[in-house]
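Work through the following exercises with the sequence and the coordinates open beside you, and try each task before reading its solution.

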Amino acid sequence: MNIHPQPEPPFSETNQDTPEIGGGLPVIEYWAEHTLSPEGLKLWKTLLHHSACLSCSWGTGGQKGGFTNEEGEKLQRCMKSVEAISAEIKPAIREEFFDTHSITQLQRLTSMEADRLGRWSFPVIHRAGSDRYERISWEEIYTIATAAFQKPPEQVASYSSGRGSNEAAFLLQLMLRTLGSNNLADCSDLCHAPSTTALKEMFGTNTSIVSLESLKQADCVVLAGANSSYNHPRLMNELIKLRERGGRVIVINPVMEIGLVKFGSPAFPIKSLIPGSDIASLYLQPIPGSDVALFVGIQKALMEQGYVNQAFLQAHTEGWQSVLEQARALDWDTLTATCGVSQSEIETAAEIIGTSKGVVFGWAMGITQHTNGVDNVYSIANTALISGQIAKMGAGVMPVRGHSNVQGFGSMGVTVKLKKEILQALEQLLGRSLNLPKGYHTRDLIEAAVAGKVDSLLCVGGNLYGANPDSAQAKRALGNIETIIYLATKPNIGHFHGLAKTNTIIIPVLNRFENPHKTTVESGNNFVRLNDEGTTHLQDADLISEVEFLTELAYRLLGEYPVEWRKLQDTRYVRQLIARTIPGYEKIGEIDDTKEEFTISGRIVTEPHFKTPSGKAKMFTTPLPTLTLPDVSEFGMEEPANILVLALMTGRSYSQHNTVVYKIGDKYRGMPHRHCILMNRLDAEKIGLAEHDRVTVKGDVDKLDNIEVIYGAVREGAALMFYPEVNVIFKAKTETRSGTPAYKRVPVLVYNKERSPRLD
């Protein structure tokens, strides 16, 4: 049976200027543009440095060399890597820049323009009442910071991204918890927190249970809510090889992304780069937010086709009877109406899963960024368990993480949900009980700041302002905080909009390949890499490492308790502390001597025994979501004929990493700039719109005018716009169990102002 995707319109309607495959020659052109430019020598030097890739958490580099992954495979760099390095080797921002650029001027910059200003090269401060940043001495920084973090512990907090090292992450959480604060917000709260929440409940682990070695033995991958052709390009190499050995790939995404249909990889220059390699064997386009209904439908079809692994369920799971009964009881009409995928397509997906020897289920933010994100993950894992596609080589569940060390920060304890084992180890180190409050995750932190409950905030990387929904609220929240300290290598829009009430300080830090000491990071597949020391290209710059700043601040706050903080500026000693504190990280204590990178013990599951009290996987029923869209009247408007209510998904463009934008256009979707809305042609025609017309897009907070309509392969009733620009218009509802905003289903109005003058 030929099950290669052959979607009918409107799902196949694409812009005529888009490439016919993802990846391909444009990737080579981009490499050439950078590596053959004046920055080329520095770029190649960094690419070859023994340090982990700065970009996504698929992971490469380290002690095996910059182009080599944990399996020893070469040519393991991608365009995302080049983009990230290129941004880090830009010239320094000079002191005179702030003499001529006010805060008001800087707030007009786009994300791309802010990134292109160059590297932070000396510390600066914005003081209350001033209209600009100015240089500040290190002694004044420590004076302000020490006073700020001596406030009551419930009023101090941190926020972090996955850009930093395990060592910095461990020091950050140790310092805050020693002070008595559990307010350790992290960028993962906004993306994969539903994954960690669900996996912990089901399997007793927070991470992927699949290694790269195991993935290579799969003959099927189900990839849901992840555009890996954009965000994890080297995962595409594994999908290409899987297809070549006769395996199959099921893609689940409301948008038909060309790179998930066919992808040209530079790793295979002859057979793939120009002609492209087939990726999706079956492409399903559900209604945004309906993934539970789709996966329960797959479970129902597995039952009807006789592919339920009853022996596995009885021996190795709990709660399986209720899960099967739910799938059995729900009728096909309800399931297909909820998810928008036909019964025959769902049955085809079940047949692929049921007849495969090993299935890996991968997903990203298209699954997690919903009000029922935890249930979405439950439903995926339930499907893996029902089919027995777990706890063996070549099978399992694999959240596809974003930033290169976002998982490492969680492993080090940068989370409000601290593992019991880490808590006990910290109590032993501190010599006292740690009776910590609940703590603020990222959305709680914003709400607490709005309420005036946060006085001091330390941001280790990241863009707290830009990453949050309702940009006006985020700006207001940060403006209520007395002191904010940003540790950063480059400017972002948060540095100009996220200003504190009294003092906003930016600490210029060394990046991963510049640090004067070794550091480590953790990939999404639980592999720990060691980064060698390096040097910066910035001459006469006044930079500091994250480790040095955190240890010095901790020393000034805590003296020699509970550790000799200044001694920890030699990161070997931090790693020895990590080895004693973090489960599975025992080998890191000897990594300086052995140089042996390792897979964290106890996380890869190839035998059916799980880290739950019973040793069995715990299954949960998953209620079907109610996916109605609001009435026009709920937006405070009348109901004219030429207005449309859509389920908006926010997303990143091709040349973008998190909130950092490298190029304004997205050629693979045919979107020429950041102020576009990707719509189904039939939706546009319902209200008389043609492609390239300009519309207003209104959320529940604000609106954006002059947005260009682009026809695309998005299912009817849905649309896509770029994050973070679109964040200004909506308050995202939050997944209550994880705190993650529902960026992937935002109700919006779309209308043309000239045809609907009453609306403005």
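**Exercise 1.** Find the residue with a positive phi in the hairpin of β2 and β3, and then list the pairings of β2.

*Solution.* In this hairpin, where six residues lie between the strands, G129 takes a positive phi near 90°. The model is predicted, so that local features need pLDDT of at least 70 and side-chain atom pairs count only at pLDDT 80 or more, whereas totals for chains, interfaces and linings use all residues. Residues are numbered from 1 along each chain as its sequence is written, and side-chain values use heavy atoms, with hydrogens and water left out.

Next, take the strands, which are DSSP runs of E with at least two residues, numbered from the N terminus, as are helices (H or I, at least four residues); two strands pair if DSSP finds at least two bridges between them. β2 (residues 124–127) pairs with β3 (residues 134–135) in the antiparallel sense over two bridges, and I125 stands opposite E134 in β3. β2 also pairs with β16 (residues 503–508), again antiparallel, over four bridges, where I506 is the bridge partner of V124.

**Exercise 2.** Which residues of α14 and α18 meet, and what are their classes?

*Solution.* With contact meaning heavy atoms within 4.5 Å, L294, G297, I298, A301, L302, E304 and Q305 in α14 meet I346, E347, A349, A350, E351, I353 and G354 in α18. Sorted by class, this contact has eight nonpolar, three polar and three charged residues, where Ala, Val, Leu, Ile, Met, Phe, Trp, Tyr, Cys and Pro count as nonpolar, Asp, Glu, Lys and Arg as charged, and the others, Gly among them, as polar.
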